[in-house]
Amino acid sequence: MIKRYDLIVVGAGPAGLSAAIEAAKNGLKPIVFDENAKPGGQLFKQIHKFFGSKEHKAKIRGFNIGDELLREASENGVEVVLNATVIGLYDGKEVTVKIGEEILHYKGDSVLIATGASENMVTFKGWTTPGVIGAGAAQTMMNLHHIKPGNKVLMLGSGNVGLVVSYQLMQAGCEVVALVDAAPRIGGYGVHAAKIARCGVPFYLSHTIVEVTGAEAVNGVTIAKLDENFKFIEGTEKTFEVDTVCVAVGLSPMSQLLKQAGCEMKDTPGGFVPVCDDSGATSIPGIYAAGDVAGIEEASSAMIEGRMSGARIANYLGYLDEDALQARLAELEQALSSLRKGMFAPENRGKLVTKTEEGIDTSMSLLEKGYVADDEIEKYPGVTKGSGVHPVIECTQNIPCNPCQDACPKGCISIGSNITSLPVVKGDVACIGCGMCVASCSGQAIFLVEDDIGDGYGTVTLPYEFLPLPEVGQKGIALGRDGKEVCKAEVINVRSSTAFDHTHLLTMKVSTDMVMKARFFKAE
Amino acid sequence: MSKMTADVIIIGGGVNGCATAYYLAKQGITDVIVLEANKSVGHGGSSRNGGGVRQSGRDMRELPYAMYAVNNMWPTLSEELGVDVEYYQRGNLRLGKTDAHIAKLEGMASKSRELGLNMNVVDAKTVKEICPYLSDEVIGASWCPTDGHANPMLTTLAYYKRALEMGVRFFTDAKVKKLEKVKGKLRKVILESGEVFEGETIIVAAGYESRYIARTVGVDVPLFKYFEEALVTEMQPHMFDIMLGTADADFYGHQAQHGSFVFGSDSGLEDGIDMDIDELKTSSLTVSAGCRAIMGYIPLLANAKIVRTWGGWIDMCHDGVPVISKVDEVPGMILACGFTGHGFGTAPAVGLMLSQMVMGKETVVDISALSYDRFKSVR
Amino acid sequence: MIDIQEKLKEIGPYVEAADDDVLVCRCEEVTKGEIRQAVHAGMFTMEEIRRYLRSGMGLCQGQTCGKLVKGIVARELKVSPLEIEPATSRAPMRPTEMRIMAQDGGGANE
Amino acid sequence: MERIQTHPILGDSPKGKLVSFTYDGQVLQGIEGEPISAALRVAGVMTHRYTKKRHEPRGVFCAIGRCTDCVMVVNGMPNIRTCITPLEEGMDVRTQYGASDKREEATL
């Protein structure tokens, strides 16, 4: 007998698990298959804090969100089968699954495909040389298998993946020699770029790889500047000695199962996706798609999309009435639409947004070099001056994120009801220097500054997520936003707390005139 | 757009259509148009078959031209077309595991020998000498040393490419809706999209869909459609170059030049398939059934990984051999359909003969037995 | 309807490029130049390119090169990549051993 | 490349059981259950195979079993994706040439 389930979910990532949980909460009996030995999809490789608001699990690290989802799935009776590779989706909503040494046939009254995405690639001379890897491969090696992908790495791609993985490479102890992108502007969040730039990683926009060298393994890479027609400009070549080149040039939906099943598909600039409605219903009744497979977005969106599909499927199979479905969808829709707001909203993809919602000029230095220039930073509402310790929020792009506003026990920070607004520091409220805001900022863009502690010195408190953790009394160099040496610095306080979730608060003493410039500490 | 009239219009950009176009052009007739319904040339059975270039086991009505192709055309085809079509003439073993199998193979072999084909039944020991990788359960096989295999995708595209180079015009995404006669002679080809082509001679070589097209001028061929599947493995170390089949007909195939193994197989449930001709969906059962069959004869392939499966429609003719003939009551029409799943290996000969028919020449082999009007009631 | 001869005239002859030697399909080792030449030989669809060159037919089944090949074909044909239909998707989604594939109980689990 | 002993976010890396395996006959050690490719990378092995046509070296590329560039001959079986195949005690891992562990295969 073929095994039959209310709902078969393919892929135990954020979308698939969320859908199964939502369906199970409505009384369905879902089964989730995943080809990997561990569930959670890419969440377990994502060690950074998520953006968004509370409902999007903001400021929680990806792998912890993964753990939460798994717990919720098991509490709700979702059956998750691992090392189970779905190899085909056939007529009659039948899937064939390779489990162990056999092929099992399952039929679902509904099937949800949540297979996620795979990495895009670009070709260049030497791109097949061992040592050229996908950014996902780097993440897998360092965050799942605990090995360094390489010692000296060049990253190609300045989207969020390229930026986040570059930072993770540094956290894993690798040196990132450069971040390169053929585009003229950084594609990902400015805050992600800024936290790499201040560590001294140079950005090369409008550049790409000419050649990777090395007969048996990578030993170097040459990049060059591109003209408007994306042709190399002679004489602009730069060569780096590296053992690893990491490629992060976007993702494509892994929609093969949907195509095999005969779902109507459409080709979009973002990849080959099923034609489906807001809750993921494809052209074949009972077959749904959620998460990256239906269009590339962040994991936070995938989780909401999954919930929407789960509710929709519960309605399709008669477990949830229409009114209840609509109410639930409306709630989820709102959460989803808030994530799709701001400068990085789908409709702004590829566009240059020249002003913030507040009417402030976008920092071109941030878009082209990875950091806001010293003379631009004071334009933003989170950057204020004050006597005594106070937060300096270097958040300059409208992105859907607001944990900082809840983090301050004194209510110093305000974003308001529009989640993409830039945070404002209220001048009339006294900062107690607790640092909760610093640790809560997923973009690591909040600093505590005290201009004058006497003797011509001030302090800067910054988020620090590297090892070894500097010790109090340690002397070193303060680096500016551009990663260049600013002045001498001495660590005067290091705070760690469970509440900070592995973000340490490092306070360094610098000369008073440098408190608005020094943003990173480098031990001598 | 180039003009839409031609001396010859070929409906169907499969291996037979492309080969015909090529042989016409080679003989100087370049005012030829090929209409392919799909966006890709060779979308149908021409790219979906197992690549057998086989004479053994053929009906006596088609064996002569199958042999003509093997003797006179296949060995030089790659050179002629300028594309390596991966032709290997290393023989065909049809394997038997039971006495009944051997008896069946004996019958086939003796019939073929009568027509001059070198085909014998060999014992288990000889089978092992020819192919040491086979199961000990094999007790004998028929052996035709002059059979072989080629790459059907490359062969089809090679004919296409050469015909293009010689000036033949190809139109893809050009699905024929109907044919029309003008003054008693077949003349017009009207597409679903409305375009009208006109030709002196119109060849219908469109697989099963030939039936729908021919019907529009009152000609019906007793075809039925049958869905069959195939699979291919990852690249494997080189094992053998022969073509394999079984008396039980549970699989057939070969190791391609690339190293992968290509096998056709079935689940036994094909008769019950209810699927539209435009759909090409594989079944969830066939690939597994195929693997069991293959491993029953070549146990060493147990660890070879399947990378892809596919299926295709076969234009089965009522009596198992194709219709390759002019249509007397529709002057200007030539039918070439009903190849019944074994049309690839004969395509060079069929293409050549169709070109000869167009030119009013005698065909290299007499094929009058393949006439469209041979079907008679039996009671 | 696509008039192949007309389209071939429109796109002009194949012209050698500096990066023709760069591999595109890693599994089957197909170069950019081979793909570009195939287009000029009349292979306009992903299906034809695959069949003619084997790109995307190897172990990974085009998961790495599919989009790249599409881009090259589109550029050669002077159309948007969105106009080039991706290659088909076929089971099994991952390479699967025959011995495992054979163990499906004929479709009757348990 | 080396193992990450302690990670600023993930903490101490789990201590697994050390097992021995052979790489082209040479005895190496790795952690039981980690991908074969991880153990090889730690040992400095970057080249997993040489391609059939151009005889070029290949190694790990996607690390999740998709691209199949990291295949090797494992326990006599070719085309094993080492990035997703767990390491076991006593495994025989060999460089793959073309489709086999014989160097000639890549030059045929």
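A:Glu35 and C:Arg94 join their side chains in a salt bridge, with N and O 2.9 Å apart; the term stands for a side-chain nitrogen of Lys or Arg within 4 Å of a carboxyl oxygen of Asp or Glu. The interface of chain C and chain A holds three salt bridges by this rule. The model is a predicted one, in which local features need pLDDT of at least 70 and side-chain atom pairs count only at pLDDT 80 or more, while totals for chains, interfaces and linings use all residues. Residues are numbered from 1 along each chain as its sequence is written, chains are lettered from A and ligands numbered from 1 in the order in which they are written, and side-chain values use heavy atoms, with hydrogens and water left out.

Across the interface of chain C and chain A there are also eleven residue pairs in polar contact, both residues at pLDDT 80 or more. A polar contact is a pair of N or O atoms within 3.5 Å; within protein, one must be able to donate a hydrogen and the other to accept it, and residues adjacent in sequence count only if both atoms are side-chain atoms. On the side of chain C that touches chain A, at least two residues each come from strand 2 (23-25), helix 4 (66-77), strand 4 (96-97) and helix 5 (98-101) of chain C. Helices (H or I, at least four residues) and strands (E, at least two) are DSSP runs, numbered from the N terminus. That side of chain C is made up of 15 nonpolar, eight polar and eight charged residues. Here Ala, Val, Leu, Ile, Met, Phe, Trp, Tyr, Cys and Pro count as nonpolar, Asp, Glu, Lys and Arg as charged, and the others, Gly among them, as polar. In total, 31 residues from chain C and 36 residues from chain A take part in the contact, where contact means heavy atoms within 4.5 Å. The two chains bury about 2800 Å² between them, 55% of it on carbon and sulfur atoms; buried area is the accessible area (1.4 Å probe) that two parts lose on being put together, summed over both.

Chain C also meets chain B. There, 37 residues of chain C are in contact with 53 residues of chain B, and the buried area is about 3800 Å², with 58% from carbon and sulfur atoms. C:Met1, C:Arg51 and C:Met98 supply 23% of the area that chain C buries against chain B, more than any other three residues. Two salt bridges are counted between chain C and chain B. B:Lys39 forms a salt bridge with C:Glu85, the closest N and O atoms lying 3.1 Å apart. Polar contacts between chain C and chain B come to 26 residue pairs, both residues at pLDDT 80 or more. Strand 1 (2-3), helix 1 (4-11), helix 3 (46-53), strand 4 and helix 5 of chain C each give at least two residues to the side that touches chain B. Helix 3 of chain C gives the most to this side, with five residues.

Next, chain A. Chain A has eleven helices and 28 strands. Its radius of gyration, taken over C-alpha atoms, is 24 Å, close to the 24 Å that the globule rule (2.2 Å times the number of residues to the power 0.38) gives for 524 residues, so chain A is as compact as a globular protein of that length. Of these 524 residues, 60% count as buried, meaning under 20% relative accessible area, with exposed over 50% and partly exposed in between (1.4 Å probe, protein chains only).

Within chain A, the side chains of A:Glu72 and A:Arg307 meet in a salt bridge (3.0 Å, N to O). A:Glu72 lies in helix 2 (residues 62-75) and A:Arg307 in helix 7 (residues 299-316) of chain A, so the pair ties together parts that are 235 residues apart in sequence. A:Glu72 is buried at 16% relative accessible area, and A:Arg307 is buried at 12%. Both residues belong to a network of salt bridges that also includes A:Glu22, A:Lys25, A:Arg328 and A:Glu331.

Chain B has nine helices and 18 strands. In chain B, the side chains of B:Asp319 and B:Arg374 meet in a salt bridge (2.6 Å, N to O). This pair links distant parts of the chain, 55 residues apart: B:Asp319 is in the loop between strand 16 (305-317) and strand 17 (323-326), and B:Arg374 is in the segment after helix 9 (347-358). B:Asp319 is partly exposed at 25% relative accessible area, whereas B:Arg374 counts as buried at 17%.
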